[in-house]
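Thanks for coming, everyone. Let me put the structure up, and then we will walk through it piece by piece.

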Amino acid sequence: MTQDELFKVLVAHCKEYGFIFPSSEIYDGLAAVYDYGQMGVELKNNIKQYWWNAMTRLHENIVGIDSCIFMHPRIWEASGHVGAFNDPLIDNKDSKKRYRADVLIEDYLGKIEEKIRKEVEKGRKRFGDSFDEAQFRATNPNVLREQAKYDEVHNRYKEAEQTNDLAAYKQIIVDCGIVCPISGTCNWTDVRQFNLMFSTSMGSTSEGANTIYLRPETAQGIFVNYLNVQKTGRMKIPFGIAQIGKAFRNEIVARQFIFRMREFEQMEMQFFIKPGTELEWFAKWKEQRMKWHVNIGMGAENYRFHDHEKLAHYANAATDIEFNFPFGFKELEGIHSRTNFDLGNHQKFSGKKIEYFDSEENKAYTPYVVETSIGVDRMVLAVLSHAFHEEQLENGETRVVLSIPAPLAPVKAAVLPLVKKDGLPELAQEIMNDLKYDFNCQYEEKDSIGKRYRRQDAIGTPFCITVDHESLTDRCVTVRERDTMTQERVPIDRLHEMIEKKVSLNVLLRNL
Ligand code: GAP
């Protein structure tokens with residue numbers, strides 16, 4: 001199966017097992033909007049809990065807030081979102097379809113990269129063990145030709161991006177002969193800027209209505225509460241404010257399932273610091289955030305940093321933590337050194353003094369900020385895409401298993417009476433009643449034990465606890481582990497301790 005096919009199977013699996021549904025599905029859905037089902041919401045909550053506890057419990061100087069989605073419209077002028085939160089758009093005049101110009105170019109570059117990759121793979125097959133990839137790339141005429149084409153377009157694209165030159169974007173599209181995937185033509189409009197914020201109106205009459213925006217990031221809710229939290233919490237710099245909440249962006253290219261949505265959730269933390277210390281804190285937060293990711297156990301090789309060459313006007317350093325999604329390494333989290341741009345601008349636009357009096361330095365200043373910002377939905381996708389496997393078993397059957405790291409798994413244990421009679425359901429219920437206060441458990445008595453194991457594998461349940469006739473006398477049960485499928489006989493009164501050791505979020509948190 002190609003990565004593309006595998007991704008389609010994963011999307012179907014997420015729907016079939018209650019993780020993620022297209023929103024408004026009975027009305028044929030709403031593009032780039034998804035609902036979380038009974039399994040998805042548990043996974044999502046566990047991810048949020050891991051982040052929240054890592055931020056607010058493991059750092060005495062980080063506190064959390066929950067600010068509103070609706071905010072004063074001037075906030076978005078101060079933050080720069082009204083003026084500059086844009087994507088470069090282009091329309092095809094024949095199909096009337098709209099595209100992001102930068103994405104059309106990136107897809108084109110992606111295709112060249114794919115051609116080069118295939119050429120290298122052919123070489124590897126041809127030369128076997130003696131294959132030297134670096135030498136092959138430096139000498140093979142097909143690779144050299146494609147690489148030269150890639151470099152030329154890539155350089156022009158980076159230049160257009162740096163200078164925000166919309167005409168240059170269009171010229172690249174025309175020169176590369178990039179066609180609309182629907183009409184197949186190159187009949188393009190000029191490239192224009194398109195603001196990504198959703199707006200609505202607030203007020204009881206349309207005359208009195210005020211345009212307000214659905215927040216495109218949660219960060220501004222933190223900035224405008226900086227003074228409140230600093231004063232009421234008697235916070236001393238350096239300190240952080242964390243928040244988890246919804247954000248909205250009118251994304252034009254809405255693809256790749258929950259990777260890019262119009263309504264999504266962010267986990268953001270703004271760390272307020274003394275001016276001049278920002279690069280030191282930026283380096284510390286880069287390290288800490290990577291540690292948080294790798295600690296989950298999805299393989300250090302699946303993450304990498306991508307430092308930004310082009311910095312936003314307010315930033316003096318920025319990096320992405322990229323994850324190896326089925327469609328390649330893509331941004332999962334952003335870490336930005338935002339200077340005092342946001343607090344400074346809110347001070348200017350609101351007319352309220354936003355400063356910190358540093359008693360050690362005996363002076364007041366507007367704090368600088370290092371931000372960490374991760375999309376909850378992208379994190380859900382990272383976990384699901386890494387966890388999804390189809391395995392060929394020795395008996396010829398296929399098993400679909402979600403090897404979700406146990407502390408994040410939606411259901412921690414399934415309690416399964418071998419048969420629906422002879423007092424086994426009663427003992428199984430007794431076990432459920434003991435475990436359910438600490439772990440999300442499922443009780444299942446329908447179908448053969450094999451079928452029940454498969455269903456639990458498909459939702460990623462780390463443990464299946466089977467109650468059989470012997471359990472009635474020896475007070476032991478069979479515990480089957482999801483990934484290895486090994487079975488172990490465990491006394492009922494040791495179940496709690498055994499499960500706790502593997503599934504507790506605290507196990508992850510203590511490693512940080
Ligand atoms: N406050 C900074 C900020 O919002 P960003 O790089 O635009 O920075 C941060 O977004 C993170 O939010 C991204 O790394 C990504 O995980 C997530 N994100 C952004 N746009 C998204 C979208 N349309 N759908 C899902 N997640 C998104």
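A word on the source. This is a predicted model, in which local features need pLDDT of at least 70, side-chain atom pairs count only at pLDDT 80 or more, and totals for chains, interfaces and linings use all residues. Residues are numbered from 1 along each chain as its sequence is written, and side-chain values use heavy atoms, with hydrogens and water left out.

Back to that pair. β3 and β9 (residues 239-248) run parallel and share 3 bridges. Two strands count as paired if DSSP finds at least two bridges between them.

Now the sheet around them. It is open, has 7 strands, and reads β3-β9-β10-β16-β13-β12-β11, with mixed pairing. At its edges sit β3 (62-64) and β11 (303-307), each pairing on one side only. From one strand to the next, the twist averages 25°. Helix α2 (residues 40-57) packs on this sheet and touches β3, β9, β10 and β16. Contact here means heavy atoms within 4.5 Å. The direction of α2 makes about 160° with that of β9. For such angles, axes are lines fitted to C-alpha atoms, for helices over the stretch in contact, and values run from 0 to 180 degrees between N-to-C directions.

Next, the ligand. How many residues surround the ligand? There are 21, and the closest are Glu 217, Met 261, Glu 268, Glu 331 and Leu 332. A residue is near if one of its heavy atoms lies within 4 Å.

Which strands supply at least two residues each to this shell? They include β10 (263-273), β13 (328-339) and β16 (368-375). β13 gives the most, with 6 residues. By type, the shell divides into 6 nonpolar, 5 polar and 10 charged residues. Ala, Val, Leu, Ile, Met, Phe, Trp, Tyr, Cys and Pro count as nonpolar; Asp, Glu, Lys and Arg count as charged; the others, Gly among them, count as polar.

Some atom pairs, then. A ligand nitrogen is 2.8 Å from a polar backbone atom of Met 261. A ligand oxygen is 2.8 Å from a polar backbone atom of Leu 332. In the side chain of Arg 338, an N or O atom is 3.5 Å from a ligand nitrogen. Taken alone, the ligand exposes 560 Å², and the protein buries 91% of that. Areas come from the Shrake-Rupley method with a 1.4 Å probe.

On to another sheet. Inside it, β21 (residues 463-467) and β22 (residues 476-481) run antiparallel, joined by 4 bridges. Thr 466 stands opposite Thr 478 in β22.

One last stop: Pro 73, in helix α3 (residues 73-78). Beyond its neighbours within four places in sequence, Pro 73 is in contact with Thr 211 and Ile 212.

Definitions and conventions. A polar contact is a pair of N or O atoms within 3.5 Å; within protein, one must be able to donate a hydrogen and the other to accept it, and residues adjacent in sequence count only if both atoms are side-chain atoms.
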